[in-house]
Amino acid sequence: MSETIELGVEGMSCEGCVSSVENALRRITGVIDATAQLDAKRAIVTIDPARVDRDALKDAVDDAGFDVV
Ligand code: 9UX
């Protein structure tokens, strides 16, 4: 079982930021994959909805230095 969600992410300035956001999200329990997009200012996150704590996604992005909107 998986689900794809979209997070608006502010503050990414280069592909390094994109990698930081992706890596932060991929470390969270229940995240199967995460792809961030600089131009679209978002992250596409594939999750196991039974395992993921959605607040943890936002916290991970915040802790990496970016803002979920
Ligand atoms: Mo690029 Mo982002 O030099 O945290 S990595 S601006």
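Predicted model: local features only at pLDDT ≥ 70, side-chain atom pairs only at ≥ 80, totals over all residues.
A residue is taken here as partly exposed when its relative accessible area lies between the 20% under which it would be buried and the 50% over which it would be exposed. By this criterion Arg26 is partly exposed, with a relative accessible area of 38%.

Helix H1 comprises twelve residues, 15–26, and its first and last C-alpha atoms are 16 Å apart, close to the 16 Å expected at 1.5 Å a residue. The buried residues of H1 are Cys17, Val18, Val21, Glu22, Ala24 and Leu25. Viewed down the helix axis, these buried positions fall within an arc of 165°, so they line one face of H1.

Among the buried residues of H1, Glu22 carries a charged side chain. When neighbours within four places in sequence are left aside, the contacts of Glu22 are with Ala34, Thr35 and Ala36. Ala34 also takes part in the strand pairing, where its bridge partner in S3 is Val45.

In general, side chains of opposite charge can pair when their charged atoms come close. Four salt bridges are found in a search of the whole structure. One of them joins Arg54 to Glu3, with 3.1 Å between the closest N and O atoms. Because Arg54 lies in helix H2 and Glu3 in strand S1, this pair ties together parts that are 51 residues apart in sequence. Both partners are partly exposed, Arg54 with a relative accessible area of 43% and Glu3 with 29%. Glu3 also has a bridge partner in S3, namely Ile47.

Another salt bridge is formed between the side chains of Asp33 and Arg26, at 3.3 Å from N to O. Asp33 counts as partly exposed at 35% relative accessibility, and Arg26, as noted at the outset, is partly exposed at 38%.

S1 and S3 are antiparallel and are paired over six bridges, in which the partners in S3 include Ile47 for Glu3 and Ile44 for Glu6. S2 and S3 also run antiparallel and are joined by six bridges. In general, the side chains of a regular strand alternate between the two faces of the sheet. In S3 the covered face consists of Ala43, Val45 and Ile47, whereas Arg42, Ile44 and Thr46 make up the uncovered face. S1 is additionally joined by two bridges to S4, with the two strands running antiparallel, and in this pairing Val9 stands opposite Val68 in S4.

The loops complete the description. S2 and S3 form a hairpin with four residues between them. Lys41, which lies in the loop between these two strands, has a positive phi of about 50° although it is not a glycine. At 47% relative accessibility Lys41 counts as partly exposed. Gly65 is found in the loop between H2 and strand S4 (67–68) and is exposed, with a relative accessible area of 58%. Although Gly65 and Met12 are 53 residues apart along the chain, their C-alpha atoms are separated by 9.1 Å.

Key: Residues numbered from 1 in each chain as written. Heavy atoms only, no water. Expected span 1.5 Å × (residues − 1). Buried < 20%, exposed > 50% of the residue type's maximum accessible area, 1.4 Å probe, protein only. Arc of directions from axis to C-beta. Contact = heavy atoms within 4.5 Å. Pairing = 2+ DSSP bridges.
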